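Subject: Handover of a structure and a summary of its features

Dear colleague,

Please find below the structure that I am handing over to you.

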Amino acid sequence: MNKYLVSRNVVALLLATSIITLTTLAGCGCLSDSDSSGESESDRTSASITTKAYAQSGGTSAQATQVITASNPDESSIKVTDGGTFTLSDSTIRKTGNTSSIENSDFYGLNAAVLADSCSKVKLTNCTVSTSANGSNAVFATGTGSSIILSDVEIKTTGDGSRGVDATFTGNITCTDVDISTEGQHCAAIATDRGSGTVTVKGGTMNTVGEGSPGIYSTGVIKVSKAVITSIGSEAAVIEGRNSITITNVTLSGAKKCGVMLYQNFSGDAEVGTSIFKMNGGSLMAGVGPLFYITNTDSVIELKGADLTATSGTLLTASADKWGNTGSNGGVVTLKAEEEVLNGDITCDNLSSVTVILENGTSLTGAINANNTAGSIVLTLDSTSSWDVTGTSYLTSLIDKGPTLANIKDNGYTIYYDADESTNSWLKGRTYTLTGGGKITPFTCSV
């Protein structure tokens, strides 16, 4: 990726300088006095114009080959407000100086390197954006009508509370071939926050290192395709409340806690409702914990043709946790899989419920509710899908559209079903011996 123009002749330099002067006079924007301190040899040869923070209120401006820096607390390197439109290419944006309010940085983009606010639009092409301060998100869009478009951009943040790209209060960010790395705590590479927001990503590589820094954190609508996302210190992805993540042909992995967490913490950052995770193709890996973890929320997980790896051996867990009201804070999840190979156990506590639907040639290898603790657990298999049972399992409801139960490989284990559940009426309360010596047999639910 070419990050800078290699050279500019004297005419181009004079033209760029005159553009800045005209823009300032027109009242559309302000590039503060030049400051060459800390300028590298690379900067001097490839981006001849070095300035302090840039602010634009309304109007339209376009710049190129800039080095724009901000070092004061609560100051953005680029801030565009009041319906302004700003286009920047082949440039470097740097931000130092900590925020005075992490909350205002999270919600409104205070101290961000690049900020679009109040119906403003920013477009960056072939640029680098770096922040080395706490509460300094790299690229932030907030407010109705505010949007940022990034193409061939490299982003790096090193402080805590400094996300790669973040949209709030219905702001919108679109990324094409953007590479993001974050090092601090609570620094998702791709994020939305309070008031929802939309982020769309195509291509690129994203890496996060810090604790509480998943590759993707959604309190809005996030769609990612053809990217590689790796989290070393956290989950691969997190959805909070009534929000969603949709990924297509993405390589996604998380090394800590779990693979994907769907939850509600009642902080006010996300509306209460159904969390939705959709994955088509690509791969998902969890280094520890369950591949999917659901707590204190309703949720839907839809999988199609993805390569899934749960190192722990647990595919999915629905359980109460520290969030919500004790006694009513379990997880409710429907997992629907098509053309999938699923490996791992499914566990559930007595405050939670799990519905698993296997369709179009999907196979599941694992035990389901082995400890008989689930509030409710339902398994539906179509005639093309199968279950390879690896341990004694307890089901509230079993719906098998295979006419002879031949799509259940029992391996000598017993599968219990709730004799009092009406959806099991097709089993007629009987015991069925399976081909491997195991059986399907009724029990009266004790939960």
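In what order do the strands of the open sheet of 4 strands with mixed pairing stand? The order is S41-S44-S46-S45. Strand S41 (393–395) and strand S45 (432–433) are the edge strands of this sheet, each pairing on one side only. S45 is joined by 2 bridges to strand S46 (residues 439–443), and these two strands run antiparallel. Within this part of the sheet, Tyr 432 stands opposite Ile 440 in S46. Please note that the model is a predicted one.

A second open sheet

Another open sheet is formed by 11 strands, with parallel pairing. Its order is S2-S5-S8-S11-S14-S17-S20-S23-S26-S29-S32. Strand S2 (49–51) and strand S32 (307–310) stand at the edges with a single partner strand each, so one side of each is left without a neighbour in the sheet. From one strand to the next, the twist averages 5°. To see the pairing in detail, you may look at strand S17 (residues 179–182) and strand S20 (residues 205–208), which pair in the parallel sense over 3 bridges. There, Ile 180 stands opposite Met 206 in S20.

Strands S4 and S7

Strand S4 (residues 60–64) shows two faces. Ser 61 and Gln 63 make up the covered face, while Thr 60, Ala 62 and Ala 64 make up the uncovered one. S4 pairs with strand S7 (residues 85–89) in the parallel sense over 5 bridges. Gln 63, from the covered face of S4, stands opposite Leu 88 in S7.

Salt bridges

Side chains of opposite charge can pair when their charged atoms come close. A search of the whole structure finds 5 salt bridges. One of them joins Asp 106 to Arg 163, with the closest N and O atoms 2.9 Å apart. Asp 106 lies in helix H3 (residues 102–108), whereas Arg 163 lies in the loop between strand S14 (154–157) and strand S15 (165–168), so the pair ties together parts that are 57 residues apart in sequence.

Are the two partners buried or exposed? Asp 106 has a relative accessible area of 14% and is therefore buried, because buried means under 20%. Arg 163, at 12%, is buried as well.

Arg 163 also forms a salt bridge with Asp 166, where the closest N and O atoms are 3.5 Å apart. Asp 166 is buried, as is Arg 163. Taken together, Asp 106, Arg 163, Asp 166 and Asp 193 are linked in a network of salt bridges.

A further salt bridge is found between Glu 359 and Lys 336, the closest N and O atoms being 3.8 Å apart. This pair links distant parts of the chain, 23 residues apart: Glu 359 belongs to strand S37 (residues 353–359) and Lys 336 to strand S34 (residues 332–338). Glu 359 is partly exposed, its relative accessible area being 24%. Lys 336 also counts as partly exposed, at 30% relative accessibility.

Aromatic residues

The search of the whole structure also finds 8 aromatic pairs. Phe 107, Tyr 108 and Phe 169 form one aromatic cluster. Two members of this cluster, Phe 107 and Tyr 108, fall within the residue range of helix H3 (residues 102–108).

The largest pocket

Rolling a probe the size of a water molecule over the atoms shows where empty space is left. The largest pocket holds about 540 Å³ of space. Which residues lie nearest the centre of the largest pocket? They are Arg 163, His 186, Gly 212, Tyr 217 and Tyr 263, out of 25 residues that line the pocket. H3, strand S24 (237–240) and strand S27 (260–263) are the elements that give two or more residues to this lining. H3 gives the most, with 3 residues.

A glycine in a loop

Finally, Gly 287 is placed in the loop between strand S29 (283–286) and strand S30 (292–295). Gly 287 is partly exposed, with a relative accessible area of 27%.

Yours sincerely

Methods. Residues numbered from 1 in each chain as written. Predicted model: local features only at pLDDT ≥ 70, side-chain atom pairs only at ≥ 80, totals over all residues. Heavy atoms only, no water. Phe/Tyr/Trp six-rings, centres within 6.5 Å; stacked < 30°, edge-to-face > 60°. Salt bridge = Lys/Arg side-chain N within 4 Å of Asp/Glu carboxyl O. Buried < 20%, exposed > 50% of the residue type's maximum accessible area, 1.4 Å probe, protein only. Pairing = 2+ DSSP bridges. Axes fitted to C-alpha atoms, helices over the stretch in contact; angles between N-to-C directions. 1 Å grid on protein atoms, 1.4 Å probe; cavity = no way out; pocket = protein on both sides within 12 Å on 5 of 7 lines; lining within 4 Å. Points joined across faces, edges and corners; volume = space filled by probe spheres on them.
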